[in-house]
Amino acid sequence: TRLCHSIPHDICLTPGVDATHNPEFTTCEFYQAYAELEGLMTTTENLLNEIATAIHGDAMFPVRNNGEILTINFSAPFERISFVDTIEAKVGSLPDLNTPDCVPALVEICRTHGLSVAGPHTPSVLLDRLGSAFVEPLCIQPTFVVDIPAALSPLAKRQGANSQLAARFELFIAGKEYANAYEELNDPAEQRLRFREQLAVPPPTHTH
């Protein structure tokens, strides 16, 4: 099982990287045999609580966010929200996400709610846009985002054999991603299928 913690910077030096997508040298990553998501959530809560306490003296930690100072509470347990349920509460039911045929419906949902999405249109690109609009802004205090679609998680196991959801969570704080964890896919046939699906998608075009 894999857990990756990233530490956002206000200024990043790597080309193509911004304050929400960080260079590798700000990343702490580990693998843990036989771990499950609940255990990794507890590890994450304990790790960040201890870091905040060691630096600031308690779990209430001030951070800068868009020019403002927010007080973040790193006391466990952290909040949890469902990626799918949160989006469906805003836009209605999502289509079957296990098939590329969901793309036209996701495009229409984005357009209906005024969300522009650059091509190529894929389930992962469109779902990521919906998550950015409807899920991430809700995550001010430390929040685990769960029930993430498998279409967004090519390296993660599914929650069930036919599930649309991945065995994965992300941690957001002040609207930014701080951690990504998942039970790593170890079925070679499924992994090959997902890689082939990715290769079938044309790369984005760039104009200069």
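Predicted model: local features only at pLDDT ≥ 70, side-chain atom pairs only at ≥ 80, totals over all residues.

Analyst: Residues are numbered from 1 along each chain as its sequence is written, and side-chain values use heavy atoms, with hydrogens and water left out.

User: Why does Tyr34 count as exposed?

Analyst: The relative accessibility of Tyr34 is 84%. Exposed means over 50% relative accessible area, buried under 20%, and partly exposed in between, with a 1.4 Å probe and protein chains only. Tyr34 therefore counts as exposed. Tyr34 also has a positive phi of about 65° although it is not a glycine. This residue is found in the loop between strand E2 (27-31) and helix H1 (37-56); helices (H or I, at least four residues) and strands (E, at least two) are DSSP runs, numbered from the N terminus.

User: What makes Asp147 partly exposed?

Analyst: Asp147 has a relative accessibility of 22%, so it counts as partly exposed. Its phi is near 55°, again a positive value in a residue other than glycine. Asp147 is placed in the loop between strand E6 (143-146) and strand E7 (168-173).

User: Which peptide bond is cis at Pro77, and where does Pro77 lie?

Analyst: The bond that joins Ala76 and Pro77 is cis, with omega about 0°. Pro77 lies in the loop between strand E4 (68-73) and strand E5 (79-82). The bond from Gly119 to Pro120 is cis too, with omega near 0°, and Pro120 lies in the loop between helix H3 (103-112) and helix H4 (123-134).

User: How many aromatic pairs does the structure hold, and what makes the pair of Phe78 and Phe144 tilted?

Analyst: There are 3 aromatic pairs. Rings of Phe, Tyr and Trp (its six-membered ring) pair if their centres lie within 6.5 Å; planes under 30 degrees apart count as stacked, over 60 as edge-to-face and the rest as tilted. Phe78 and Phe144 have 5.6 Å centre to centre and 35° between the planes, and the pair is tilted. The pair links distant parts of the chain, with Phe78 in the loop between E4 and E5 and Phe144 in strand E6, 66 residues apart. Phe78, at 6% relative accessibility, counts as buried, and Phe144 is buried at 0%.

User: Why is the pair of Phe144 and Phe169 called edge-to-face?

Analyst: The ring centres of Phe144 and Phe169 are 5.0 Å apart and the planes stand at 70°, so the pair is edge-to-face. It links distant parts of the chain, from Phe144 in strand E6 to Phe169 in strand E7, 25 residues apart. Phe169 is buried, with 0% relative accessibility. Ring pairs link Phe78, Phe144 and Phe169 into a cluster.

User: What makes a set of residues a nonpolar core, and which residues touch the most other members of the largest one?

Analyst: A nonpolar core is a set of buried Ala, Val, Leu, Ile, Met, Phe, Trp, Tyr and Cys residues joined through side-chain atoms within 4.5 Å. The largest has 26 residues, of which Phe83, Ile87, Leu94, Leu106, Leu126, Leu130 and Val145 touch the most other members. Helix H2 (83-91), H3 and H4 are the elements that give two or more residues to this core, and H3 supplies the largest share, 5 residues. A second, separate core of 22 residues includes Leu40, Ala52, Ala167 and Ala181.
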